[in-house]
Amino acid sequence: MNAPTAGDAGAFEQSKGVASLDPRTFRTVLGQFCTGVTIITTVDDGAPVGFACQSFAALSLDPPLVLFCPTKQSRSWSAIERSGRFCVNVLAEDQQDVCARFGSREPDKFAGVEWASSPLGSPILAGSLAHIDCTVETVHDGGDHWVVFGRVASLSEVHDELERPLLFYRGQYTGIEPEKTTPAPWRDDLEAFLTTVSEDTWL
């Protein structure tokens, strides 16, 4: 392997300079990563609260943990922190209007939205693909966001029929085409993926 040149070293040092990153470029590059869309909900002082969230992920099987990352200025997160519990609603492809409403500054985001209470008392939105009912486990600093670990208390059932999720890519809503999906070949080293469905497929 050739030793790095002075120019290479300078480029590497520049790449480490996070402060030099252009925020718009950062957003654009990270926008190449396609995500699902969720609504994180709770009940605070008797009123339902919720916000649209892309930064949701499965974290651990044992114990069962998930995570999401609200901004430090989020009023919805403040409500979740007070209640100590939340429900993750995974949105379906036809719920773009729900996502837009919960991602807005609309004061009453639940107006006209059907929901029911989860076992822990958080709102489950009608029409969502799945829901994950959680208690707040720990909270960690993440720059201008918090990283919230949630312990899963209960889960929705999984339907056999293929339902389409709402996806977000390059600042736009998108979806999947079921006829173009292809099962991934199973390998032993894929066991670490929490979202493995079977020995034939993983999501």
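1. Residues are numbered from 1 along each chain as its sequence is written, and side-chain values use heavy atoms, with hydrogens and water left out. Because the model is predicted, local features need pLDDT of at least 70 and side-chain atom pairs count only at pLDDT 80 or more, while totals for chains, interfaces and linings use all residues.

2. Helix α3 spans residues 75-83, and its buried residues are S76, W77, A79, I80 and S83, where buried means under 20% relative accessible area and exposed over 50%, with a 1.4 Å probe and protein chains only. Helices are DSSP runs of H or I with at least four residues, strands are runs of E with at least two, and both are numbered from the N terminus. Seen down the axis of α3, the buried residues fall within an arc of 155°, so they line one face of the helix; the arc is that of the directions from the helix axis to the C-beta atoms. On the other side of α3, R75 and R82 are exposed.

3. Just after the helix, G84 takes a positive phi of about 80°.

4. The cover over the buried residues of α3 includes β5, β9 and β10, with contact meaning heavy atoms within 4.5 Å. Strand β10 (residues 145-155) runs antiparallel to β5 (residues 65-68), joined by four bridges, and L65 has R151 as its bridge partner; two strands pair if DSSP finds at least two bridges between them.

5. Strand β9 (residues 130-142) is also antiparallel to β10, through 10 bridges, and C134 is partnered there by V152. The two strands form a hairpin with two residues between them, and G143 in the turn has a positive phi of about 75°.
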